[in-house]
Amino acid sequence: TGNGVGYKFDSPPDMQYGLRVTVDLGRDEGDAKALAGMGDIDLRPEFGGFFNYFITKEWFLTTSYRYGAGNDRNGSQTDIGIGWSTQLTPQWRGALGAAATYVDSNYMQAFYGVTPQQSARSGYAVYTPAGGWRDVRGNASLTYFFNREWSLTGAVTVRALQGDVKRSPIVDEDVPVAGLLALGYSF
């Protein structure tokens, strides 16, 4: 869902750019105790574009823009990042990255704000965050290739929530860590 489905326009070898549709998975108030009374945010398509620039074979810059998040379908996100990826041995590939996401006030209100109605149901004070940096993050991954078709990837991401997101009454952890273990098949 992070990369979605899109179209990459014909571009020079050191660039990639195009349009894409991604999925914002929304939020279920039953997912966490802190969300009780906040209501659900429905799954939504997001429309946007991307631009990637390869500085070298191993180093690259990434950007993307997505619009359509939240129940009002008017939240937007802009991502910027830098990454490094290299083949360590014939069977191992490693990658490191750093990125940040800027969100507009519509996205911020939908996911981190508290309206008067939500305040009455949840007990939180009304909270109206402004647009700004949502988070900065770092990630690392390691992939093992069993053969040409099958691979196993392990990854970890550490996020540091920023500004009005960090101050939101529904946020209880401002440096979340996530891990991933994925089996891949190429055809």
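# Reading the cut-offs

Student: Why does Arg44 count as buried?

Tutor: Its relative accessibility is 11%. Buried means under 20%. The value of Arg44 falls below that limit, so Arg44 counts as buried. Keep in mind that this is a predicted model.

Student: What makes the pair Asp42 and Arg44 a salt bridge?

Tutor: The N to O distance between their side chains is 3.7 Å. The cut-off is within 4 Å, between a side-chain nitrogen of Lys or Arg and a carboxyl oxygen of Asp or Glu. The pair meets it, so it is called a salt bridge.

Student: Is Asp42 buried, exposed or partly exposed, and how do you know?

Tutor: Asp42 has a relative accessible area of 41%. Asp42 lies in between, so the label is partly exposed.

Student: What does Asp24 touch?

Tutor: Leaving out residues up to four places away in sequence, the partners of Asp24 include Asp42, Arg44, Glu46, Tyr107 and Phe111. Asp24 itself sits in strand E2, residues 15–24.

Student: Why does Asp24 count as buried?

Tutor: The relative accessibility of Asp24 is 8%. That is under 20%, so the residue counts as buried.

Student: Which backbone nitrogen does the side chain of Asp24 reach, and what makes that a polar contact?

Tutor: The nitrogen is that of Gly26, at 2.8 Å. A polar contact needs a pair of N or O atoms within 3.5 Å.

Student: How far apart are Asp24 and Arg66, in sequence and in space?

Tutor: They are 42 residues apart in sequence. In space, the C-alpha to C-alpha distance is 9.5 Å.

Student: What makes Arg134 and Asp135 a salt bridge?

Tutor: Their side chains meet at 2.8 Å, N to O. The limit is 4 Å, so the pair qualifies. Asp135 also meets Arg137, at 2.5 Å, N to O. That distance is within 4 Å too, so this pair is a salt bridge as well.

Student: Are Arg134, Asp135 and Arg137 buried or exposed?

Tutor: Arg134 has a relative accessible area of 10%. Asp135 has 1%. Arg137 has 15%. Each value is under 20%, so Arg134, Asp135 and Arg137 are buried. Salt bridges with shared partners link Arg134, Asp135 and Arg137 with Glu46, Arg66, Asp79 and Arg159 in one network.

Student: How many salt bridges does the structure hold?

Tutor: It holds 9.

Student: How do you know that E5 and E6 pair?

Tutor: Count the bridges. E5 (75–89) and E6 (residues 92–103) are joined by 12 bridges. Two strands pair if there are at least two, so E5 and E6 pair. The two strands run antiparallel. They form a hairpin, with 2 residues between them. Trp84 stands opposite Leu96 in E6.

Student: Which strand is joined to E6 by 12 bridges and covers residues 132–145?

Tutor: That is E7, again running antiparallel to E6. In this pairing Tyr102 stands opposite Trp133 in E7.

Student: Why is Ser168 called buried?

Tutor: Ser168 has a relative accessible area of 3%. The limit is 20%, so Ser168 is buried. Ser168 lies in the loop between helix H3 (163–167) and E9.

Student: What does Ser168 touch, not counting residues up to four places away in sequence?

Tutor: Tyr112 and Tyr127. A polar atom of the Ser168 side chain lies 2.6 Å from the backbone oxygen of Tyr112.

Student: What makes up the nonpolar surface patch?

Tutor: Phe146, Trp150, Leu152, Leu181, Leu183, Tyr185 and Phe187 form it, over about 860 Å². Strands E8 (150–161) and E9 (177–185) each give two or more residues. E9 gives the largest share, 3 residues.

Student: How do you know that Leu152 is partly exposed?

Tutor: The relative accessible area of Leu152 is 32%. That value lies between 20% and 50%, so Leu152 is partly exposed. Patch residues need over 30%, so Leu152 passes that cut-off as well. Leu152 belongs to strand E8.

Student: How many helices and strands does the protein chain have, and what share of its residues counts as buried?

Tutor: The chain has 3 helices and 9 strands. Of its 187 residues, 33% count as buried.

Technical notes. Residues are numbered from 1 along each chain as its sequence is written. This is a predicted model: local features need pLDDT of at least 70, side-chain atom pairs count only at pLDDT 80 or more; totals for chains, interfaces and linings use all residues. Side-chain values use heavy atoms; hydrogens and water are left out. Helices (H or I, at least four residues) and strands (E, at least two) are DSSP runs, numbered from the N terminus. Buried means under 20% relative accessible area, exposed over 50%, partly exposed in between (1.4 Å probe, protein chains only). Contact means heavy atoms within 4.5 Å. A polar contact is a pair of N or O atoms within 3.5 Å; within protein, one must be able to donate a hydrogen and the other to accept it, and residues adjacent in sequence count only if both atoms are side-chain atoms. Patches are made of residues with over 30% relative accessible area and no salt bridge: like charges are joined within 9 Å, nonpolar side chains (Val, Leu, Ile, Met, Phe, Trp, Tyr) within 5 Å. Accessible areas come from the Shrake-Rupley method with a 1.4 Å probe; for residues, only the protein chains shown count as cover.
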